[in-house]
Structure formats: structure tokens, C-alpha cells
Amino acid sequence: MCIISSRSSCVGVWHHWLIHNTLLPFTSSRRTGQYSVQARAKNASGKPPYNRSNSQDSLDELAMDDYWKEVEHITLSGEGEQLEEVQLKVPDEGEQEEAWLKEAGLETLFDKSATDPEDIMVLLSTLTRTQAAAVEKRVETLHQTLRKRNKQHHVPDVRDIFKLPDGGGSKVSSPQGQALEPAVQPETETDINLEVSFSDQALRYKEGSKSSGEAVTENFKLSRDKTGLTKVGDLSPQDMKKVHRLVLIEMTALFDTAGIDLKTHKAVKLKVKESGLFGVPLVTLLEQDQRRQPGTKVPFILQRIISRIEEEGLETEGLLRIPGATTRVKTVCEELEGKFYEGLFSWESLKQHDAASLLKLFIRELPHPLLTVEYLSAFIAVLKLPTKKQQLQALNLLVLLLPESSRDTLKALMEFFQRVIDHKEQNKMTLNNVAVVMAPNIFMFKGFRNKISKQQEFSMATETANIVRLLIRYQNLLWTIPKFIMNQVRKQNTENQKKMSKDRAMRKLLKKMAYEKHEKPEKAPTEACGSSQGFIRVQAPQFSKVSMAVQLTEDLQACDVLTRFLSQDSSLSVKREDLCLYEIGGNIKERCLDEETYMKDLLELNPSAEWFIKCVLR
């Protein structure tokens, strides 16, 4: 059964909670929206006076009126319905630090039986000074908490974990004894520097090392990197696990630098639907869809609703803003539950505005918010950071921390919203309009019905709308893995390989000592398939042309390699967009290359890599 829930007062209560606790197979879109906004002094409809947030953007009166109309429609559409509220568990003292260290892969620091301590030391050896400080802070807090409890629990002294150089300081020493602090690269005011730790950049800004303040701009862009940008989905699961741990540490360090204390929460387990379409956990939806089509990343029902909206054309005025008929939407929802997977639902009869309301209903009815209970308060806290650049960097890290199901679904929605905005001249839905209409649908969820002041409720409105604006406008940036994180992953892989090589060498030596008389002479090691005398060997085991040699030049890019491969095998029926050149081995497990990657520069970064052309799932 489809439930349209009651949401009265939940906006305000959710903001109240945040105030006290902020301590697809869809392909990537490269489009960005354009919008400038104006501040206002007073709300004409009697809402509390608007206070400009430190997000460096404000929302105009007309747009905010659309927000309140959307909230009113959500509330009225669910009158009389009762739903089990989401209950939040506030962590006990020390519990949050334990959970954080565990998620960061550092549980050995308080539990010797957890994992290999040598792996922990490899991770610690790659941290920047601000990242190290974040770890130290959590270990020290946990140490103090456990001492209060008089628990027989081993937590090492932070001085034993981080061997600080003489004279103090908070830099982590690398194995060579030099602080891992990357040099600042030249950048323009609008560049987002992905090569230097965001938290280190924030610390320099805080210490006043920048000669001038940040320009207020809406034109931030990615700095191009010759070794190629790395998007979510380009890496192997093994390397993504390392990325998650490093991103968690970096995100925490960034907020620490600004003096913002994040308190995460866990949702108490609720009894949720185990099948169906609406009110079903994303993971459950994807599991049932993947049984029908392996590799599905965005729920079928959401894909189909978006397709239906687009079939009618995105030029319709007021698209996403004008609601459908509540009774019709409820009827359609119930009908879809019974007919969708059987293919019996008549999509042609579904009106476009009803379909848009159905999309918003799908988001709201998720048992837990799309941005997750754990990170929702952190998304709001982003606006507390002092500069727009830092806000975008924090959003980048938070997007990377989301579970895969939430991250992929959010990306599909942001791409769709951008397509709507691309038709703003006809549909009158600018970036600002779409953001304010969708914000309550993304940030409101079940429960939180207690009363709070209108001022707090209004503040919540502008904050969430600004977050959605940034998510839509900068989606190309936000789903990118920063290069400094990639470099840390590469270093971890290199250190782990050294350890494995030592182990292999020891086993060989022992074997040689035991069977020296019968040992055959070892063959000289053959050169890897990566490169030889200015050429790289590109392998394609999935295709009839299993390999080809490609000459390295300064200008050779990954796209050139793919073009050459397709031109040499006319029998291929595969589309160009379904192929990817992969970097495999060396200091990375597996990485699908950005087509603008310069091969010679990447080979210098990973000289032991091999190169493969493979089909990719879209």
C-alpha cells in the first residue's frame, strides 16, 4: 500500500534537532546551471524575517514563497495519515569516537584484535598534518572517556601513534621522516585545487597565509590534471574502501579546522517494507531490481518516472513546481505497487505534473533520508564553513561518503534537475526555483512533529535550498575523487606491495635454503606489459584484437588510444561510449581512465601499470 505521510511541523523540528546536534545506469552530465540571487529584508507572506546565511548566496522572496507552498502541499497531501516516526539514537560518551575510528579503519588503536596493525601504520603514514590532528583528537577523547569509566581497555597514548618530530607540531612523519605536506600549486580564484588536502588549504586560509580573501564567485571549476580526473565508479571496490576511510578522516579534519563539531546519529531500526516501490529502503529496491537486471544502480521505478516526465517535454511551465492532483497521485501510487513489475501500468495515462509529484513522493517516502541520518546534519553544517570554496570541498567529501545506493540515486536526480533547468526559458524553472521546490522533499522525512519557532523554520528553508543549489550546479565537481586522496591511495598500495614483496622474498629464501641443491636457475624477470622503449602495450582480451602497441607521445591521451583501437578492428559492434581504457596494477588496483588523461604523465605516476580496454556497464 502506498502511504502519503503527514509532515506537519517536521521542517522546524528537524532544524531544531540540527541546531542542537551540528556540533544508475544514468551517465554523468557535464552541464552546469547559471543563477544569481538577491537578498531580501522581509517576507511578504508573514514568514519570519530573512537572515542572510554565511553560504554567500541568498534566495529571493518569490523563490522562498515557492518553498512554503511546497511545504504546505506536502503537509496537506498527507492529512490523516499516521506513520512510524524515525527515532534517532544519540551516541553515548566515547561511542561516537569508537564508531568513527572503526569506520576510518583505525579500530586497532583501541582494539588490538581488530586487524593487522601494520596496515594501520601504512594508513597513518599517508596522512597530512590536519588529517593526523583529527585522528589524534578522536583517540585522545576516547582515551579520556575510557579512563573515566575505569575500563580495562587498551587505548595507546597518541604520542605512541604519531612520532612527532623534535619541537612538537602536528605533522605526521612519513617513513623517510619528512612531513607529508604537499606544496601549494598555483591556482586562480575560481579553481578548486584537488591536489592539496582541503583541510590543509583551510588551515592556511585560517592562518592568513593567503595574500587576499576569496573572491565571491559562482564560477568555480575543476583544475584539469594531466593524469586524469577520477570519478565515482572509476575505481575497484578495494580502492574505494581506502577512499572512504581517507575521505572520512579528511572531512572531519576540514570541519575541525573551522571549529565545527559534528555529532553523527544513527537511526533506530524501524520495521520497514521488504518489497514494493514506495516506502521501501533504497538497498531493498536495488536488490529486487538487480535480480531482473544485474548492475542496476538507480531504482527502476525512479528511472521510469523520470522518463515519463521527459516524454512529455521539459518545456512545460512550472514543471516540478506545480503539484499534481493529490487523489490522482495516491491512486497512481497504489496502482503502480501492483502493476509496475508486471508491465501492466499504463504510463501514457499519467499526467506530467502527477508524474513530477510522484517523483517527489518517492523521495519523501524513503524510510530514511536520501542524504542519510548519519550525514544529514553534516550537509547542513557545510554552510557554517567560512568560504564558498570550503563549502564545495566539504560537499564533495560528503557525497563521496554516502552509501553507493544513495550516491547513485542522488546523482540521477541532480542530472535530471539540470536537464529541467536547461529549459528554463520555456518552463520558467531556474536553478533557484528547482532548488527551493526540491529542498523540502530531500530534507524532510518522517517524524519531527514538535513545534519550534518560525524563525528557526525559516532558517532551515534557506539553508537546505542553498545546499540543493550547490548539489545541482556543481555536480560535476562533487562526484569527483580529489587527486590528493588518490595519491594517498596509491601510496598505501605501494607500501602494501613492499610488505608483500618482503614476505615473498623471505619465503623464497627459506625455500632456497631448504632445496638449494635441486633449485633450477631463475629466469631473468621479463618486463611488464606496461611500456617498452617509448611504447605501451594495450590489451583487450574481450575482443578479437587482443592487444596492440601504441607509441607514447607528449600529447597522447586515453581517447586517442580508444580511437586507434576501434579503427583497427572494423568488426567491433560495440559503441565508443561503452569502452574504457583501464589502468591496472602498480600502485592502483583498477581505474577507468578519464578520456583526457595524458598517457605519458600517467605512466610516470604509475610505471608498473598495465593497460586494458574493456566494456563498461552504464
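Reply: Helices H10 and H15 run roughly parallel to each other, because their axes cross at roughly 5° and angles under 35 degrees count as roughly parallel. The model is a predicted one. In this pair, H10 spans residues 300-311 and H15 spans residues 404-421, and the two axes come within 11 Å. On the H10 side the contact is made by Leu302, Ile306, Ile309 and Glu310, while H15 contributes Thr409, Ala412, Leu413, Phe416 and Arg419. Sorted by class, the residues of this contact comprise 6 nonpolar, 1 polar and 2 charged.

The pair formed by H7 (residues 198-206) and H14 (residues 388-401) packs at an angle of about 160°, with the axes 11 Å apart. H7 is therefore roughly antiparallel to H14, since angles over 145 degrees are counted in that way. The contact joins Phe198, Gln201, Ala202 and Tyr205 of H7 to Gln390, Gln393, Asn396 and Leu397 of H14. Its composition is 4 nonpolar and 4 polar residues, with no charged residues. The crossing of H7 and H14 is left-handed.

A further arrangement is found for H11 (residues 326-339) and H12 (residues 352-364), whose axes come within 10 Å and cross at roughly 65°. H11 and H12 are therefore roughly perpendicular to each other. H11 passes H12 in a right-handed crossing. From H11, the residues in contact are Arg328, Val329, Val332, Cys333 and Leu336; from H12, they are Asp354, Ser357, Leu358 and Leu361. This contact contains 6 nonpolar, 1 polar and 2 charged residues.

H11 and H12 also take part in the lining of the largest cavity, where helix H2 (61-77), H11 and H12 each supply at least two residues. The volume of this cavity is about 100 Å³. Its lining consists of 11 residues, and those nearest the centre are His73, Ser77, Val329, Ser357 and Arg364. H12 gives the most to the lining, with 4 residues. By class, the lining holds 3 nonpolar, 5 polar and 3 charged residues, whereas the contact of H11 with H12 has 6 nonpolar, 1 polar and 2 charged.

Notes
Residues numbered from 1 in each chain as written. Predicted model: local features only at pLDDT ≥ 70, side-chain atom pairs only at ≥ 80, totals over all residues. Heavy atoms only, no water. Axes fitted to C-alpha atoms, helices over the stretch in contact; angles between N-to-C directions. Parallel < 35°, antiparallel > 145°, perpendicular 65-115°, else oblique. Left-handed = near helix turned anticlockwise from the far one by under 90°. Contact = heavy atoms within 4.5 Å. Nonpolar A, V, L, I, M, F, W, Y, C, P; charged D, E, K, R; others polar. 1 Å grid on protein atoms, 1.4 Å probe; cavity = no way out; pocket = protein on both sides within 12 Å on 5 of 7 lines; lining within 4 Å. Points joined across faces, edges and corners; volume = space filled by probe spheres on them.
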